[in-house]
Amino acid sequence: MQKITLPHRYSTSSSRFREASIESGWLCFKNGAVSIRIHLPLVTRLELSYQMRDWLLAVAFVGFFVGLASFGLRSLGWLNIPQLLRLNASALEYGALALAVIAFVSYLLFPIRVLYLYDGNAAPLLVMGSKKAIEDMENTLWVFLETHKKQP
């Protein structure tokens with residue numbers, strides 16, 4: 001069987017890899033320090049999922065809170081936060097709200113793509129990468145697994 005190389009960047013098991021390869025039934029990730037191998041005939045399920053960047057959601061909530069709290073407290077006359085910080089009121093409030101909107105939109109539009117490989121172990125192998133990298137790996141693994149299942 002020939003070696004199939006997937007020349008994308010992947011991240012799995014807290015390590016980064018420049019490429020993945022499939023050779024004689026094994027999916028291999030190798031870098032200078034770590035080598036991860038999974039025997040593909042044992043893979044029972046592939047699952048494509050997404051992980052969200054939680055820090056973007058945190059930045060969005062902080063931005064909304066700062067912008068709305070500053071505007072609300074200033075409009076009620078209780079506390080003028082921009083004056084205490086010696087900033088322009090509109091720069092602080094609208095800047096914080098704009099940052100919140102950008103962070104929230106980025107949170108929704110740019111998730112991290114994840115491919116879970118279940119091979120009978122308690123925890124699946126979690127492979128992260130770009131959209132193109134995960135699609136290429138998923139398609140290559142499906143083709144390999146389908147041809148392997150058809151062989152007697």
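Predicted model: local features only at pLDDT ≥ 70, side-chain atom pairs only at ≥ 80, totals over all residues.
**Salt bridges**

Side chains of opposite charge can pair when their charged atoms come close. In this model the count comes to 3 salt bridges. The table gives each pair with the distance between nitrogen and oxygen.

| E47 | R45 | 3.2 Å |

E93 is buried, at a relative accessible area of 2%. R74 is partly exposed, at 31%.

D136 and K132 both lie in helix α4, 4 residues apart, so about one helical turn separates them. D136 is partly exposed, with 22% relative accessibility.

**Helix α4**

Helix α4 runs over residues 131-150 and has 20 residues. From its first C-alpha to its last, α4 reaches 29 Å, close to the 28 Å expected at 1.5 Å a residue. The buried residues of α4 are A133, I134, M137, E138, T140, L141, F144 and L145.

**D119, an acidic residue without a salt bridge**

D119 sits in the loop that connects β8 (112-118) with β9 (125-129). Is D119 buried or exposed, and which side chain of opposite charge is nearest? D119 is buried and has no salt bridge; the nearest side chain of opposite charge is R45, 11 Å away. A salt bridge requires a nitrogen of Lys or Arg within 4 Å of a carboxyl oxygen of Asp or Glu. R45 does take part in a salt bridge, with E47 as its partner. Apart from neighbours within four places in sequence, D119 is in contact with I38, L42, V43 and T44.

**S15 in strand β3**

S15 lies in strand β3, which spans residues 15-17. The relative accessible area of S15 is 12%, so S15 counts as buried, the cut-off being under 20%. Leaving out neighbours within four places in sequence, the contacts of S15 are Y10, N31 and V34.

Conventions: Residues numbered from 1 in each chain as written. Heavy atoms only, no water. Helix = DSSP H or I, 4+ residues; strand = E, 2+ residues; numbered from the N terminus. Buried < 20%, exposed > 50% of the residue type's maximum accessible area, 1.4 Å probe, protein only. Lys, Arg positive; Asp, Glu negative; His and termini not counted. Contact = heavy atoms within 4.5 Å. Expected span 1.5 Å × (residues − 1).
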